[in-house]
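Here are my notes after a look through the model, jotted down point by point. Have it open alongside as you read.

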Amino acid sequence: METHQLWNVSFLNQIIDTMANGLFTLDARGKITSWNNAMERITGYSAKEAVGQGCNLLECSQCYGKACPADVNKCGVLEHGKTEARECSLLHKEGYSVPVIKNARLVKDETGQILGVVETITDLTELNAMKEKIEEAKVRLKEVYRLGNIIGKSPVMQNVFDAILAAAKSRATIMIQGESGTGKELVAGAIHYKGFPSDSPMVVVNCSALSENLLESELFGHVKGAFTGAHKDRQGRFEEADKGTIFLDEIGELTQYMQVKLLRVLQEREIERVGDSRKRKIDIRVIAATHQDLYDLVKQGKFREDLYYRLKVFPVHVPPLRERREDIPLLVNHFIEKGNQRESKNIKGISSNAMKKLINHPFPGNVRELENAIEHAFVICDSGKISLKDLPIEIINHTAPGNQPAMDSSQSITFSQVQTQTLTKEALLNLLNECDWNKAQVARRIGKSRTSVWKYMKKWGIPLQPKHTI
């Protein structure tokens, strides 16, 4: 049977030229003997320019911790037989540095005679650029939570700023109270980032989003076999927040059982994972938030009094937007700037009558509702300035109390109608259908939080998505 040689020089060269990584070879004298297409792209030197030159052509910044030697006999590859992959930089033909990972290996024949060296080069330019973008994104994310990025010039907001600065200096437990949409999480973030190093964790948990069992596992973690589906040990959010802050939003929704467990954490500063008896110490600052009147819940017997006082060591009240109307123009301009960046638009501002309408609107959804209104306007606006017609219909149609226009039966339900009557399952279903089952939009229409909408849906057995028939 005739045997065919699998490899030949031409075939091998084609393979090498298709590689994404740079590859070149040196002979026993240290002269470059081959140079693939990727090396041409990475270094700027063509194969014709490189072949016959020494590898010091690249001016590698690291070769066994030293500059690349001019004498091949002093090369560390000859002594050690290979180099470990390491980050370094090469000098491009145009004079700038190229970050790379460099690897080299000595090649010998069957008798142990040195044939040469094979070196591979991985270009890190794009990877490093991506890393820089990620770090910049992290910085921007943290800046969103810093004090200077909470918008407001009103006296009530100045009081909030003062409270943030005072709270940031302390490790005391903080209670943030305010209506839905006022920016309680933003305040919590500002307190954290003003008081902790930038790399300290801030962990956010919405206490109303999970059932009791799931919330317990989420907060405290669990050990393998603690319950069905617990296939391995899992760290809880309290442990994740060690040396940092845990923000417990909607704290008023905790069950009595979870209230007892949280009280023990605040008292002992230690936790037990679900299914485990070992106590684990934690070093955290707790910030809680609620839109409810916790003291009223205490009087109703729905919230533990001892936990209430443990949480309310340092209270911070975030005012509703209707109590800081002078901040609305600042907020509108801020949201327009954000919208321009997000949508790549160039909207210059907002008309005077549209701004007047916004300033006079009650905003039951507070700053969140205002931001959503500007986002709505961005979708519709077809000029360089937001006008009255670009605003959501509930804002356009709103009039001052006592001057409500008559509505015919064909008009859709708005938040003002819902507020003057008890919300029913039928009314909620109508709103969900009108808003294409967008829970956030429904929440704005009725002046409540998305969490409240979910609770109504759960109470009345309404599915999260509409049931489509075929």
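**Notes on helix packing, cores and backbone**

1. Let's start near the end of the numbering: α19 and α20 are roughly perpendicular to each other, since angles of 65 to 115 degrees count that way and their axes cross at roughly 100°. The two axes come within 8 Å, with α20 spanning residues 450-459. Bear in mind that this is a predicted model.

2. Who does the touching here? On the α19 side you'll find Lys-439, Ala-440, Val-442, Ala-443 and Ile-446, and they meet Arg-450, Val-453, Trp-454 and Met-457 of α20. By type, that contact has seven nonpolar residues, two charged ones and no polar ones.

3. α19 (residues 439-446) also packs against α18 (residues 425-434), with axes that come within 9 Å and cross at roughly 125°. The crossing of α18 and α19 is right-handed.

4. For the α18 and α19 contact, look at Leu-428, Leu-431, Leu-432 and Glu-434 on α18, facing Lys-439, Val-442, Arg-445 and Ile-446 on α19. Five of these residues are nonpolar and three are charged, with no polar ones. Lys-439, Val-442 and Ile-446 turn up in the contact with α18 and again in the one with α20.

5. Now the largest nonpolar core, which has 30 residues. The members touching the most others are Leu-219, Phe-238, Ile-246, Leu-248, Ile-251, Leu-262 and Leu-311. At least two residues each come from β7, α8, β10, α10, β13, α11 and α12, and α10 (256-268) gives the most, with five.

6. Leaving aside residues up to four places away in sequence, Leu-262 touches Phe-238, Leu-248, Ile-251, Leu-254, Leu-307 and Leu-311. There is also a second, separate core of 22 residues, including Ile-328, Ile-374, Leu-391 and Ile-395. As background, nonpolar side chains in soluble globular proteins tend to be buried together.

7. Last, two backbone spots to check. Most residues other than glycine have a negative phi. Glu-59, in the loop between α3 (47-50) and α4 (76-80), has a positive phi of about 50°. Arg-269 has one too, about 55°, and lies in the loop between α10 and β11 (270-272). Is Arg-269 buried, partly exposed or exposed? Its relative accessibility is 24%, so Arg-269 counts as partly exposed.

Terms used:
Residues numbered from 1 in each chain as written. Predicted model: local features only at pLDDT ≥ 70, side-chain atom pairs only at ≥ 80, totals over all residues. Heavy atoms only, no water. Axes fitted to C-alpha atoms, helices over the stretch in contact; angles between N-to-C directions. Helix = DSSP H or I, 4+ residues; strand = E, 2+ residues; numbered from the N terminus. Left-handed = near helix turned anticlockwise from the far one by under 90°. Contact = heavy atoms within 4.5 Å. Nonpolar A, V, L, I, M, F, W, Y, C, P; charged D, E, K, R; others polar. Core = buried A, V, L, I, M, F, W, Y, C linked by side-chain atoms within 4.5 Å. Buried < 20%, exposed > 50% of the residue type's maximum accessible area, 1.4 Å probe, protein only. Parallel < 35°, antiparallel > 145°, perpendicular 65-115°, else oblique.
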